[in-house]
Amino acid sequence: MESPAMRPPPAYWLGDGGGDGFGGSGHPSENELRAILDSSADAIIVVDSRGVLRYANPAADRLFGRDLQALRGTGFGFPTAPGRTEIDVLPPGEKPRVAEMHVTSLTWEHEAASLAILRDVTERKAMEDELRLAAQVFDNASEGLLITDAGQRVLKVNPAFLSITGYEPGEVYGRPMGDLLDSELQDPALPGDIEAGVREDGRWEGELIKRRRDGTACYTWTTVIAVRDEAEQPTHFIVTFEDITRWKEAERRLDHLAHADPLTDLPNRNAFHQHLDLALGQARRHGDVVAVLFLDLDHFKPVNDALGHSMGDEILQAVARRLRETVRGSDLVARLGGDEFIVLVRDIQRAADAAVVAQKVIDQLSTPFELYGHEIHIGCSVGIAMFPDDGRDGDGLIHRADQAMYRAKDHGRGLFAFAGEAEDRPLNLPLRTGHSADCS
């Protein structure tokens, strides 16, 4: 049996002023109590043991969207189990509401009854749901997310950020945002540009290159947003990182495929034209000399027919390797197609310098190739066109060099010819007369 000391005191409600009510000395009067209840922001409802509505204050009318006073004395069907819970309220013609309800027992006019106090928590629940949803989005977003305080110190990061960067949570919390955005792989002025963009426009977005914790490069599309207070002062910064490393690598591969010969991996015709146009633009500005060397392999077709196209492809790859090793780092070797190659020679002073490069190429390709036990002899013929004497644009120079190459072939192959030479002039004259410069 429960002892008297353990038993909670009974609650009395609007009694007759005696021991069963509030009306005794020192207690509010009935009118005062009703004034308090009527002015309460919380809905207050009293239901007797038979489920009959005995009292409802104005806040209850507003919550339920109806005149509960008119329902007094009728069955209300209200839950009366003591305790705290949440209920859905369906006001007629209005959006559903959510109320937090606390039910307790009391005596009402000498009868057992239940007191329900209800607080409208619809907005709070909506806010909680939004926060819960935002937390779910934050934690499960595929983009890296970072939140800082007004001083740009990291407050929170999501799992994707840690996965992208390779950091552990303890290594980023409290660190300046700039430490995580800055990188030696990008323009040193970029952090200042980001700060200026956020200050002026409230946000900045663009490509950032970061180093992951393991030192590998990470390309990201990054957005930095300032969260401001009513005085337009930043209180937080939100940073999103989208890892675009795979797309950048794919972009580089596609760019390489678009500008590289698939067999030899040398620049292709389009890439050569781009480099030639750039070189000619610089030569016009600075008064430089540029040479185009058009190469065609000698005796390649019979070797290709005799040994097969697979062996022919390997010969072309070997030729490409020798050409790379022969020319200077400032020169460019490209494959035009078939057994035709072309060399862009820059940083020279006169035609004799281009002749030196041409002769070195001829000598290198005249050396036999050893492939699968075969000693293969091919060689090449070279035509040379000089800017500005033989042409003012890329197409003109390539055409003149091509014509000069056929002239070299007509004179016996394994030779080079200049586009500007007379038809009856002996070939390779610059080397034989000793007037060439060392272009190695």
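In strand β17, C380, V382, I384 and M386 point one way, S381, G383, A385 and F387 point the other way, and all are buried; buried means under 20% relative accessible area, exposed over 50% and partly exposed in between, with a 1.4 Å probe and protein chains only. The model is predicted: local features need pLDDT of at least 70, side-chain atom pairs count only at pLDDT 80 or more, and totals for chains, interfaces and linings use all residues. Residues are numbered from 1 along each chain as its sequence is written, and side-chain values use heavy atoms, with hydrogens and water left out.

**Strand β17 and its partners**

β17 covers residues 380-387, and eight of the eight are buried, so the strand is largely enclosed by the rest of the structure. Its pairing with strand β12 (residues 289-297) is antiparallel and extends over eight bridges; two strands pair if DSSP finds at least two bridges between them. Within that pairing, F387 of β17 stands opposite V290. β17 also runs parallel to strand β18 (residues 416-418), to which three bridges join it. There, G383 has A417 of β18 as its bridge partner.

**The protein as a whole**

The protein has 14 helices and 18 strands. Helices (H or I, at least four residues) and strands (E, at least two) are DSSP runs, numbered from the N terminus. Of the 440 residues in the protein, 42% are buried. Among contacts between residues at least 6 apart in sequence, 52% join residues at least 24 apart; contact means heavy atoms within 4.5 Å.

**An open sheet of five strands**

Five strands form an open sheet in the order β8-β7-β11-β10-β9, with antiparallel pairing. β8 (154-157) and β9 (203-211) stand at the edges with a single partner strand each, so one side of each is left without a neighbour in the sheet. From one strand to the next, the twist averages 25°. Strand β7 (residues 144-149) and strand β11 (residues 234-243) run antiparallel and are joined by six bridges, with I147 opposite I238 in β11. Helix α8 (residues 245-259) packs on this sheet and touches β9, β10 (217-228) and β11, its direction making about 135° with that of β10.

**Two helix contacts**

Axes are lines fitted to C-alpha atoms, for helices over the stretch in contact, and angles run from 0 to 180 degrees between N-to-C directions.

| Helix pair | Axes come within | Crossing angle |
|---|---|---|
| α10 (residues 300-307) and α11 | 6 Å | roughly 135° |
| α11 (residues 309-326) and α12 (residues 351-366) | 10 Å | roughly 140° |

The angle in the table for α10 and α11, roughly 135°, makes α10 oblique to α11. Angles under 35 degrees count as roughly parallel, over 145 as roughly antiparallel, 65 to 115 as roughly perpendicular and the rest as oblique. F300, V303, N304 and L307 of α10 make this contact with H309, M311, G312, I315 and L316 of α11. By class, the residues are six nonpolar, three polar and no charged. Ala, Val, Leu, Ile, Met, Phe, Trp, Tyr, Cys and Pro count as nonpolar, Asp, Glu, Lys and Arg as charged, and the others, Gly among them, as polar.

α11 and α12 are likewise oblique to each other. α11 passes α12 in a right-handed crossing; a crossing is right-handed if the near helix is turned clockwise from the far one by less than a right angle, and left-handed if anticlockwise. In this contact V319, R322, L323 and T326 of α11 meet K360, V361, Q364 and L365 of α12. These residues divide into four nonpolar, two polar and two charged.
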